[in-house]
Amino acid sequence: MDPLDALTEIAYLLERERSSRYKSKAFRAAADAIAGLDDAQLRDPALRRRKGIGESTYTVIQQALAGGVPEYLATLREKAGMAGPSELRGALRGDLHSHSEWSDGLTPIEAMVDAARRLGHEYLALTDHSPRLRVANGLSPERLREQLSVVEGFRGDGFTLLSGIEVDILEDGALDQEPGLLDELDVVVASAHSLLRMERGPMTRRFVAAVSSPHVDVLGHVTGRLVEGSRGTRPPSTFDPVAVFEACAAHGVAVEINSRPERQDPPDDLLAIALEKGCLFAIDSDAHAPGQLSLLDYGAARAERAGVPAERIVTTWPLAKLREWLGRDR
């Protein structure tokens, strides 16, 4: 097995299972460290002293050179249970919610794009966080403008990186970014990250105001709940789902089916209400690392179990149709 491929796949699988970010970064650093080395250099014991190579990564390299699948990789492959076969997963053409190291993602934009291409995506929206989410290194207007010029360099050969943002929904439903700058983006995902325990009435008004904005395309992880994982659990926000999803349907805003297993958002009962109210949906990974882009498996399986028709899922649409929807007059 090629050692570079082994190290990269290990990093990918660690990211998919949402393991420690330091583990996946160590394997990606090792892959960078050996890029361009020949077999003789890889077998040289001096490799242990090369920056970026640790005991675990050195073992993986040597086991790969020996012709087999490294033990660590074999174990991760065995653990990497899929969400189950889903016809809907095969219909997905892209993803409208992802992060890079520009905010709280783990890798450069290039690594996210490479992973999206390998998954066969036609498009991926880069939606790093907005300014007030300082804990996530949210993008100021100046940094977002800088990122826009970078995004242009990742388009071509049947793949399009869409510009975007995951903009924070403020207490009164306003959006945490300059309106003129939001106009320049391809995709705006609006999400609440603070004051998640607001009372039902104010939270309902907050969400309705946000999705009524002509800038918003997708309502992200609507309840904010956490049901598992290293961050612990968190109860869902309370609001009137009928009012919120009617507003989404009226303004053509897609309700996100967030594919992260720790979120499973919206819950099944709210997903059913959104379906009944005629909402569109976006199955998104909310990936913060390349390996997490494949979490779409879980979102697709949930949507299929809920009976969401593929034609109402905007991420099954080809890019031309998606762009037409994103550019709609509202």
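User: Where is Asp 286 placed?

Analyst: Asp 286 sits in the loop between strand 8 and helix 13. Please keep in mind that this is a predicted model. The backbone of Asp 286 has a positive phi of about 55 degrees, although the residue is not a glycine.

User: Is Asp 286 buried or exposed?

Analyst: The term buried is applied under 20% relative accessible area. Asp 286 counts as buried because its relative accessibility is 3%.

User: Which residues are buried in helix 13, the helix at the other end of that loop?

Analyst: Helix 13 covers residues 296-306, and its buried residues include Leu 296, Asp 297, Gly 299 and Arg 302, together with Ala 300, Ala 301 and Ala 303. These buried residues pack against several elements, among them helix 1 (3-16), strand 7 (254-258), helix 12 (268-276) and strand 8 (281-284). Just after helix 13, Gly 307 takes a positive phi of about 75 degrees.

User: What should I note in the loop between strand 7 and helix 12?

Analyst: Two backbone features deserve attention there. Pro 266 belongs to this loop, and the peptide bond that joins Asp 265 to Pro 266 is cis, with omega near 5 degrees. Gln 264 lies in the loop as well and has a positive phi of about 45 degrees without being a glycine.

User: Turning to strands, which partners does strand 4 have, and in which sense does each pair?

Analyst: The sense of pairing is read separately for each partner. Strand 2 (residues 123-126) pairs with strand 4 in the parallel sense over four bridges, and Leu 124 stands opposite Leu 161. Strand 5 (residues 187-191) is also parallel to strand 4, over five bridges, with Ile 165 bridged to Val 188. Strands 3 and 4 form a hairpin with two residues between them, and Asp 157 in the turn has a positive phi of about 55 degrees.

User: How many residues of strand 4 are buried?

Analyst: Ten of the ten residues in strand 4 (residues 159-168) are buried. Both faces are covered, with Leu 161 and Ile 165 among the residues on one side and Thr 160 and Glu 166 among those on the other.

Conventions: Residues numbered from 1 in each chain as written. Predicted model: local features only at pLDDT ≥ 70, side-chain atom pairs only at ≥ 80, totals over all residues. Heavy atoms only, no water. Buried < 20%, exposed > 50% of the residue type's maximum accessible area, 1.4 Å probe, protein only. Pairing = 2+ DSSP bridges. Contact = heavy atoms within 4.5 Å.
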